[in-house]
Structure formats: C-alpha cells, structure tokens
Amino acid sequence: MIDGFIEYLRYERNFSVHTAFAYREDLVQLSEWLSAQGGSFDDLSMTSDDVRGWIMWMVGEMEMKASSVHRKVSALNSFYRWLILKGLVDEKTVNPTIGVPLPKKSKNLPVYFLEKEMDKCLEMLENSRNFDDVRNLMVIETIYQTGLRRSEVAGLKDVDVDIRGGKLTVLGKGNKQRIVPFGNDLAEKMTNYRTMRDEMFAERCDNFFVDDHGRALSASHIYNIVHRVMGKVSTQAKISPHVIRHSFATAMLNRGADLNVIKELLGHESLATTQIYTHVSFEQLKGEYKKSHPRG
C-alpha cells in the first residue's frame, strides 16, 4: 500500500521525487519500528499509543529534531487520509495521529547575506568578459533580484524570459506557474549574457542558462556556482542559492514591501511561510538598537 500512496503523491498531487521518497522512507521506518515492537504496519491496526511510542523512540533514542518528527507524523497522517479517500479502509477507521501531541519546534530564522556581501560579489564579476563569470553573475543576480528557487532558475526556458517586458514566467512547486517582474538593471545584464551565449553556442538547448557546452545548467551546478562565488565574499556558515532567496525577501521587507507581495513573488502557498521574514527584520532591528543606543 505504501507504493500506491507514493504514486498518488507523485502523479496526482505533483509532489517532487525528493518529497515522495522522503515520505516513503518515513513509512518504511515506521513499519520496521512496529515490527520490532511485535506489531505490524500492514494490518493498519495502529493506535494513538503506538504513534506516541514511535515519537518517544524518535525523540529519545534517535535524537531527531522536532521538525523531522513533525514531517514523519505528517506522512502517516497523509497516508491514512489517502486510504479513506481511495476507499481502501472504512471511513470510520480511526487515524492514529489525531490528538497525539508533537514535540515543539524551535524557530530557526532564515540565514541571509548582508547587502554589502551581495554588492561585493557582484562587483567582483561585473567587468569580466569570460563566459563563466558572466553566466555565474547572471545566475546570482537572477536569484537576488527575483527570489527564484534554484530549481526554478535551472528550469527557465529562453521563451520564459521576457527582457523587454521585464518579466519571467516561472514554473514553481506543484507545477504552479507565476509571473515574476524584474527591473532595468537585471534586463541589461540578461541582454549582455544572452548575446554572449548565442555567439558562443550556435547549437544549444532551449534553456536560458547553459553550461560550458551549451547544455542546460543543472540545479546542482547552480548550487556549486553560488557556493564557490559567495564563499569568497561571505563568512556565513551556510552558503547556498536558498540563502540568496532569503536575502531577496529580507531586502524587500526592509524597504517596505508588503508581505503579501513578497508571498506572491516567492511563490509561497501560505502567508505564514512568508511571515518568518518579519522575525528576521525584527532581529536585525533589535541588533541595530543594541549596537546604537547608549542603554542598549
């Protein structure tokens, strides 16, 4: 039944391969834990006490983070809802996750690059005529000026980039499309990059970003570009394309952008996901207060 559930997530709910695989691993782990306790996952006889015991094992013996425990219990909850939806169990079947208390999550504020670090990075590459440097600058600038995920950057086709109209057509999570605007600065850099790219590669793929052979630039290649280039200008412990996405959102909020606008630009499903950036801005505000006020 687990395999049927995973197929449902992939092909009916449009979950990513990574997320669907994680859900499968969660349920397989639960099945193995139940077997070790003398129980069985296959007969669907789990009770709330079983779920509590599983949680205690994950937190106590496995020392898992609260966020990991939440995801695993969420996978089980989704599995039971799928069983009822598909009519594989009676609607009166009790979902054993209902009412079970979960460990409290700690609030991890998103890491972001300082504006001076972003400026230093972009200045470092700006005057180069080397294709790698121009392309790498373009990748970093695109994320910083639009807030795209690295998978969205990797998936951009040439037809998705409307330089004259100043907009990108982006295919985000769950195959949901959104339009993301950009300004004249990015438009000028995109024009220069596209001209150099087309001069270098008479034959190439349809993607906007390409590697040194004219093939589509992969998400892992984008990660490596950001990690290598930003590592030269930042002392952050965590360096990734997602940190630049956080930097975009933080910069927008600090300059007065409406939270709902940032939500739409980032492609978030819920405003609650975007609201974490208000905590970042408050922490920055608090830091400046302590640094600047004589009684701080």
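Okay, let's start with helix H5, residues 115–126: 12 residues, reaching 16 Å from the first C-alpha to the last, close to the 16 Å expected at 1.5 Å a residue. By expected I mean 1.5 Å times one less than the number of residues. Helices here are DSSP runs of H or I with at least four residues, strands are runs of E with at least two, and both are numbered from the N terminus.

Quick caveat before I go on: this is a predicted model, so local features need pLDDT of at least 70 and side-chain atom pairs count only at pLDDT 80 or more, while totals for chains, interfaces and linings use all residues. Residues are numbered from 1 along each chain as its sequence is written, and side-chain values use heavy atoms, with hydrogens and water left out.

Back to H5. Which of the residues of H5 are buried? They are Glu 117, Met 118, Cys 121, Leu 122 and Leu 125. Buried is under 20% relative accessible area, exposed is over 50%, and partly exposed is in between, with a 1.4 Å probe and protein chains only. Looking down the axis of H5, those buried residues fall within an arc of 130°, so they line one face of the helix. The arc is taken from the directions running from the helix axis to the C-beta atoms. On the face of H5 turned away from the buried side you find the exposed residues Lys 116, Lys 120 and Glu 123.

So what do the buried residues of H5 pack against? Three helices: H6 (131–146), H9 (219–230) and H10 (241–254). Contact here means heavy atoms within 4.5 Å.

Two of those partners, H6 and H10, also meet each other. Their axes come within 7 Å and cross at roughly 40°, which makes H6 oblique to H10. For the wording, under 35 degrees counts as roughly parallel, over 145 as roughly antiparallel, 65 to 115 as roughly perpendicular, and the rest as oblique. The axes are lines fitted to C-alpha atoms, for helices over the stretch in contact, and angles run from 0 to 180 degrees between N-to-C directions. On the H6 side you have Ile 140, Ile 143, Tyr 144, Gln 145 and Thr 146, meeting Pro 241, Ile 244, Arg 245, Ser 247 and Phe 248 in H10.

Let me zoom out for a second. The chain has 13 helices and three strands, and its C-alpha trace spans about 65 × 65 × 30 Å along the principal axes. Of its 296 residues, 43% count as buried. If you take contacts with a separation of 6 or more, 60% of them come from residues 24 or more positions apart.

The buried residues of H1 are Ile 2, Phe 5, Ile 6, Tyr 8 and Leu 9, and they cover an arc of only 155° around the axis, which puts them on the same side of H1. What covers them includes H2 and helix H4 (66–85). Facing away from that buried side are the exposed Glu 7 and Tyr 11. Tyr 11 counts as exposed because its relative accessibility is 64%.

How do H1 and H2 (residues 17–36) cross? Their axes come within 9 Å at roughly 160°, so H1 is roughly antiparallel to H2. This crossing is right-handed too. Among the residues of H1 that meet H2 are Phe 5, Ile 6 and Leu 9.

In the loop between H1 and H2 sits Asn 14, with a positive phi of about 60° although it is not a glycine. Asn 175, in the loop between strands S2 (167–171) and S3 (177–181), also has a positive phi, near 60°. Asn 14 is partly exposed at 36% relative accessibility, while Asn 175 is exposed at 52%.

Last one: Asn 207, in the loop between helix H8 (184–200) and H9. Is Asn 207 buried or exposed? Buried, with a relative accessible area of 7%. Its C-alpha is 5.4 Å from that of Asp 158, 49 residues away along the chain. Leaving out residues up to four places away in sequence, Asn 207 touches Ala 154, Gly 155, Leu 156, Lys 157, Asp 158, Arg 197 and Ala 216.

Notes:
A crossing is left-handed if the near helix is turned anticlockwise from the far one by less than a right angle, and right-handed if clockwise.
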